[in-house]
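Here is a short briefing on one protein chain. Keep the structure open and follow along from the whole chain down to single residues.

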Amino acid sequence: MAQWEMLQNLDSPFQDQLHHLYANSLLPVDIRQHLAVWIEDQNWQEAAMGSDNSQANMLYSHFLHQLNYEFARCSQDPECFLLQHSLRKFCRDIQVLGESGNNKALPQGSIQLAEMIFNLLLEEKRILIQAQMAQVEQEEPALEVPVESQQHEIESRILELRAMMEKLVKSISQLKDQQDVFCFRYKTQSQVRTPLDPHQTKQQQLLQETLNELDKRRKEVLDASRALLGRLTTVIELLLPKVEEWKAQQQKACIGAPLDKGVELPQLEKWFTESAKLLFHLRQLLKELEELSRVVSYLNDPLTKGVNLQMAQVTELLQCLLHRAFVVETQPCMPQTLHRPLIIRTGSKFTVRTRLLVRLQEGSESLTAEVFVDMSPPQSQSFRKFNILTSSQKTLTPEKGQSQGLIWDFGYLSLVEQRSGGSGKGSNKGLLVVTEELHIISFKVKYTYQGLKQELRTDTLPVVIISNMNQLSTAWASILWFNLLSPNPQNQQFFSSPPKVPWNLLGPALSWQFSSYVGRGLNQDQLNMLKGKLFGQNCEDEGALLSWADFIKRESPPGKLPFWTWLDKILDLVHDHLKDLWNDGHIMGFVSRSQERRLLKKTISGTFLLRFSETSEGGITCSWVEHQDDDKVIIYSVKPFTKEVLQSLPLTKIIRHYQLLTEENIPENPLCFLYPRIPRDEAFGCYYEDKDNLQERRKYLKHKLIVVSNRQVDELQQPLEPNLEPELESLEQLPGVAPGPEPEPGLGLELEPQLMAGLDLGPTLEPPLEPTLEPTLGMVSQSVPEPNLGPELNLEPIQEPFLQLVQEPDLPLDLMHLNTEEMEIFRNNMKIEEIMPNEDPLLAGQNTVDEAYTFHPSHFYTDGPLSPSDY
């Protein structure tokens, strides 16, 4: 009743068309609704357009029987009085239609009835198509019957088929008894015929009556089997699209799409097995009818042609059902890359699983499946060829088949490339590169059940075969592109001319990469940033298309990384080091620098966000805002942290202990609020690990890694003047422009004494695009070496508790008499012990274990000025 259910859910304009259709029809709408299941089950097209009138006559008789049955049932229910009236009236109308012309027009009347109902069903489909097209134009989901309703319909149909099968078995048993009676009477009839013998005449009449009864029963049994076959055909027509839906869902799931609430494979296996059982049972019953026809045959015997015709239809249905039931349950995948199936490395093990959804196996027959690679390869000399390195066969015994199902699990397959020309390794010098060359793995099994033999075959989705794991990322891009765009899942020449993709397909697919691999997909703002990066000025054009070359090869921005390489490196970084932060929504991630400025300039000082670098291979940076006293807004960005840094120090610890040195070398953490205004420790507190092992503390001196940046500013680097336009604040300065004005007092250390002392300030920096701080990885320690401007890593112990000294602006009273005018500044030589003795008194409220910081130079330390952020 799928069609009628969908018609009832239409909007009012289309409901009006439906009412108008049945207002001018002989078939009342209440009967159409009451008998919807039966009407949609029948093959009205064959009855109306077939050359033989038998199908129309049979449906006419069955329709009358169905109407009489429903009328009798409704007569017992007073609430069905109106329906009872409609049933009686319509039954008389079609009887008049069939009786016109003194029964000579019965075939013509039955054809008219079939044509009427067939045309009504066609008009209903036309109305449905119009409604669906209107909803597509309005960007609304198409009308669909709920999955639960479809499953319930299939279940109810199978139960109905079982009941029909039981009746057919009973009818055939009665037919056998009736034929035995006829055979007995025929054999006992007197062979010597005497003229005018009343006894012989009576016996002959009785024998004729028995034959007439036998002929009537044979017709009834044949009609019942034909009706059962029609219902079975309808069920199979419902099941086959379910398999295609499951395959389409599996194809999308291979590239990360979430699983829909569709039909699962075990449920399909149950339905396919039940349908196959009914078909095999009907096949056996038809064989019994054929045997009965051989024993007793007469002129115009209905079994002579009817059984053969139905047997051919049953065999055809079984063949179709078996071939479609052989599927690849799990696509090829290597154990080390479970999140990226359909990629195989030569010489490496991979797994694949096939299943026959018809769970029927002979008790003594083992089923063997065999694997093949590229059974029908493209006609190209450069196309690589591969052999199965391990065993290419898998045998399923009846015992395993009964316990686990007809499943062939290939767990240790491996491929090796064929040598070309008899010597040397095969090569691919054609138009397609290795990662664009598609291969298909096929499986064959010879299936036998109840005398029916079939060779079944199923194919995997196209796979990419690589020889080095460095090709994994590009190979996955090929798999993604193919499964998004290819209408033919067996098209091995897809990349000879790859189609372009619209954003409405590519955007969700990019989000699937994150949701399937790390847990959370991309929101609309993040997708918009990626769309702008891919399409540029055409990002607002809904009809814009992206080519395969732009996706995989074009550098974005120019001179940097290709888009897919950049995105895939970020994906690996998030999975390996940032999964919890990403899933909790603390990483904004995909945000452009211009958007970053627009967001941060409206917040208070110390507000920061985390975004991915657009120019480094898998890097994440931290940017924060500072409002100056003169209303200037400066946004700082730390040099991106890559996986090499995050392997040693998690990002949460970097954020918690990050230190920025002021002009007086006083450390402070500028990261106060996660955008928009979440206190740092409230956002990241759940990731802190402050558990001390007392026994370890007695053995070793505790140390702590921190990241330190320098805020010193010299004459060669000036704070940038912000542009305070309401929409965009530009912090960029073109290369080659002369430095800005002299720094204002208080912005940095005076350089004159340092220049006089002969200090090396390093090479002159280029004019920046925006301030970027070079992070240094330092360690809190008791013994402090001399600061070094070059990168190094010092891991020295700290004796707890350790005190932090806040630098006083003036000298102590007992030293006020000293003359400091002629003192030289030796910043690079100064010992911290001279200004931070261990025995200084504690500051009020200071935690000596967790909050004691002493700056140390490290492999990320720079004592130079601010440098521009190009990340």
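Of the contacts in the protein chain with a separation of 6 or more, 74% join residues 24 or more positions apart. This is a predicted model. Its secondary structure comes to 26 helices and 26 strands. The protein chain has 871 residues, and 45% of them are buried.

**Helix 11 and helix 12**

- Start with helix 11 (residues 265-295) and helix 12 (residues 302-325). Their axes come within 9 Å and cross at roughly 155°.
- An angle over 145 degrees counts as roughly antiparallel, so helix 11 is roughly antiparallel to helix 12.
- The crossing of helix 11 past helix 12 is left-handed.
- On the helix 11 side they include Phe272, Ala276, Leu279, Arg283 and Glu290. On the helix 12 side they include Leu303, Val307, Met311, Leu318 and Leu321.
- Sorted by class, the contact of helix 11 with helix 12 has 15 nonpolar, 6 polar and 3 charged residues.

**A closer look at alanine 276**

- Alanine 276 sits in helix 11.
- Is alanine 276 buried or exposed? Alanine 276 is buried, with a relative accessible area of 0%. The cut-off for buried is under 20%.
- Which residues does alanine 276 touch, leaving out those up to four places away in sequence? They are Leu318, Leu321, Val358 and Leu360.
- Leucine 360 is 84 residues from alanine 276 along the chain, yet their C-alpha atoms are separated by 8.3 Å.

**Helix 14 and helix 15**

- The axes of helix 14 (residues 472-485) and helix 15 come within 11 Å. They cross at roughly 135°.
- That angle makes helix 14 oblique to helix 15.
- Helix 14 and helix 15 have a right-handed crossing.
- Helix 14 brings Trp476, Leu480, Leu484 and Leu485 to the contact. Helix 15 brings Leu505, Leu506, Ala509, Trp512 and Gln513.
- By class, the contact of helix 14 with helix 15 has 8 nonpolar residues, 1 polar and no charged.

**Helix 6 and helix 10**

- The axes of helix 6 (residues 54-74) and helix 10 (residues 198-254) come within 12 Å and cross at roughly 90°.
- Helix 6 is therefore roughly perpendicular to helix 10.
- Gln55, Met58 and His62 in helix 6 meet Asp223, Arg226 and Ala227 in helix 10.
- The residues of this contact between helix 6 and helix 10 divide into 2 nonpolar, 2 polar and 2 charged.

- Helix 16 (residues 524-535) has 12 residues. From its first C-alpha to its last, helix 16 reaches 16 Å, close to the 16 Å expected at 1.5 Å a residue.
- Which residues of helix 16 are buried? They are Gln526, Leu527, Met529, Leu530, Lys531, Lys533, Leu534 and Phe535.
- The cover over the buried residues of helix 16 includes helix 15 (503-517), strand 14 (545-546), helix 18 (563-577) and helix 19 (579-583).
- Helix 18 has 15 residues, which at 1.5 Å a residue should span 21 Å. The end C-alpha atoms of helix 18 are 21 Å apart, which agrees.
- Buried residues of helix 18 include Phe563, Trp564, Trp566, Leu567 and Asp568. Ile570, Leu571, Leu573 and Val574 in helix 18 are buried too.

**Backbone exceptions**

- Most residues other than glycine have a negative phi, and most peptide bonds are trans.
- Asparagine 300 is not a glycine, but its phi is positive, at about 60°.
- Where is asparagine 300? Asparagine 300 is in the loop between helix 11 and helix 12.
- Asparagine 300 is exposed, with a relative accessible area of 66%.
- Leucine 342 has a positive phi near 70° and is also a residue other than glycine.
- Leucine 342 lies in the loop between strand 1 (326-333) and strand 2 (343-345).
- Leucine 342 is buried, with a relative accessible area of 0%.
- The peptide bond from tyrosine 675 to proline 676 is cis, with omega near 5°.
- Proline 676 is in the loop between strand 21 (673-674) and strand 22 (678-679).

Conventions
Residues numbered from 1 in each chain as written. Predicted model: local features only at pLDDT ≥ 70, side-chain atom pairs only at ≥ 80, totals over all residues. Heavy atoms only, no water. Axes fitted to C-alpha atoms, helices over the stretch in contact; angles between N-to-C directions. Helix = DSSP H or I, 4+ residues; strand = E, 2+ residues; numbered from the N terminus. Parallel < 35°, antiparallel > 145°, perpendicular 65-115°, else oblique. Left-handed = near helix turned anticlockwise from the far one by under 90°. Contact = heavy atoms within 4.5 Å. Nonpolar A, V, L, I, M, F, W, Y, C, P; charged D, E, K, R; others polar. Expected span 1.5 Å × (residues − 1). Buried < 20%, exposed > 50% of the residue type's maximum accessible area, 1.4 Å probe, protein only.
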